[in-house]
Amino acid sequence: MKLLAIVGTNADFSFNRLLCQFIAKRFGDKAEIEVAEIGDLPAFYEEGQADARVAAWREKVDQADGLIIATPEYDHAIPAALKSALEWLGSHAAGSKVMAYKPVCVVGVSLGVQGSSRAQEDAREILLSPDMTANVLPGNELLIGQAYSSFDKESGDLVDEASIAQLDKVMEAFFAFVAQAKK
């Protein structure tokens, strides 16, 4: 099983990047998990032409059996960089249905107590839109708040035991979800 853990921001430092790296390390024995960055992608605009970076992005997503999208929350929504990266994958832009029925798990980390809940809901709505038609994992949420105390400052690992237990539960459900989609 090949999964892509997408860092949903172009920020130089992100707890969501740390989460993606932790997921890749913790579950590397269950799946091949590549951490993918979106910071080098050009901003999407409708008249824009996809360049080599966009073509590589689409290919990487297309080749993955499933996506894990880790998003921070910017003013109750996903960051513009993530929205733009997703727009390049939509059927209106990609021509083919790169995201059609692609299994996706949405997770997130925030500095506050809500754990990027509104951004995760925003991402799910986008992923379920007619231009995406992704197959989003239902009924499982990973809302990690209080990021500074949830991660080890030296290793970058997630250390909050309740969050780790919830992550294990969500990832086990996602592995089964992806396996079912591959049948």
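User: Which residues of helix 2 are buried?
Analyst: V54, W57, R58 and V61 are the buried residues of helix 2. Buried means under 20% relative accessible area, exposed means over 50%, and partly exposed is in between (1.4 Å probe, protein chains only). Helices (H or I, at least four residues) and strands (E, at least two) are DSSP runs, numbered from the N terminus.

User: Before we go on, what kind of model is this, and how are residues numbered?
Analyst: This is a predicted model: local features need pLDDT of at least 70, side-chain atom pairs count only at pLDDT 80 or more, and totals for chains, interfaces and linings use all residues. Residues are numbered from 1 along each chain as its sequence is written, and side-chain values use heavy atoms, with hydrogens and water left out.

User: What is the span of helix 2?
Analyst: Helix 2 covers residues 52–63, twelve residues. From first C-alpha to last, helix 2 reaches 16 Å, close to the 16 Å expected at 1.5 Å a residue. The expected span is 1.5 Å times one less than the number of residues.

User: Take V61. What does it touch?
Analyst: Leaving out residues up to four places away in sequence, V61 touches L4, L67, L89, V98, M99 and K102. Contact means heavy atoms within 4.5 Å. V61 has a relative accessible area of 0%. V61 and L3 are 58 residues apart in sequence, but 8.9 Å apart in space, C-alpha to C-alpha.

User: And K60, what does it pair with?
Analyst: K60 forms a salt bridge with E34, with the closest N and O atoms 2.8 Å apart. A salt bridge here is a side-chain nitrogen of Lys or Arg within 4 Å of a carboxyl oxygen of Asp or Glu. K60 lies in helix 2 and E34 in strand 2 (residues 32–36), so the pair ties together parts that are 26 residues apart in sequence.

User: Are those two buried or partly exposed?
Analyst: Partly exposed. K60 has a relative accessible area of 33%, and E34 has 28%.

User: How many salt bridges are there in the whole structure?
Analyst: Eight. One of them joins R26 and D168, with the closest N and O atoms 2.7 Å apart. That pair links distant parts of the chain: R26 is in helix 1, D168 is in helix 7, and they are 142 residues apart. R26 is partly exposed at 36% relative accessibility, and D168 is partly exposed at 23%.

User: What about E87?
Analyst: E87 forms a salt bridge with K83, with the closest N and O atoms 2.2 Å apart. Being four residues apart in helix 3 (residues 80–87), E87 and K83 are separated by about one helical turn. E87 counts as buried at 17% relative accessibility, whereas K83 is partly exposed at 32%.

User: New topic, the core. Which residues touch the most other members of the largest nonpolar core?
Analyst: L19, L167 and F174, out of 32 residues. A nonpolar core is a set of buried Ala, Val, Leu, Ile, Met, Phe, Trp, Tyr and Cys residues joined through side-chain atoms within 4.5 Å.

User: Which element gives the largest share?
Analyst: Helix 7, with eight residues.

User: And the contacts of L19?
Analyst: Again leaving out residues up to four places away in sequence, L19 touches A70, V107, G108, V109, L142, I144, F151, L158 and L167. There is also a second, separate core of 29 residues, which includes I38, V54, V98 and M132.

User: How many residues of strand 4 are buried?
Analyst: Seven of its seven. Both faces are covered: P103, C105, V107 and V109 on one side, V104, V106 and G108 on the other.

User: What does strand 4 pair with?
Analyst: Strand 3 and strand 4 pair in the parallel sense over four bridges. Two strands pair if DSSP finds at least two bridges between them. The partner of A70 in strand 4 is V107. Strand 4 also pairs with strand 5 (residues 135–136), in the parallel sense over two bridges, where P103 stands opposite N135. Two bridges join strand 4 to strand 6 (residues 143–144), running parallel, and the partner of V109 there is I144.
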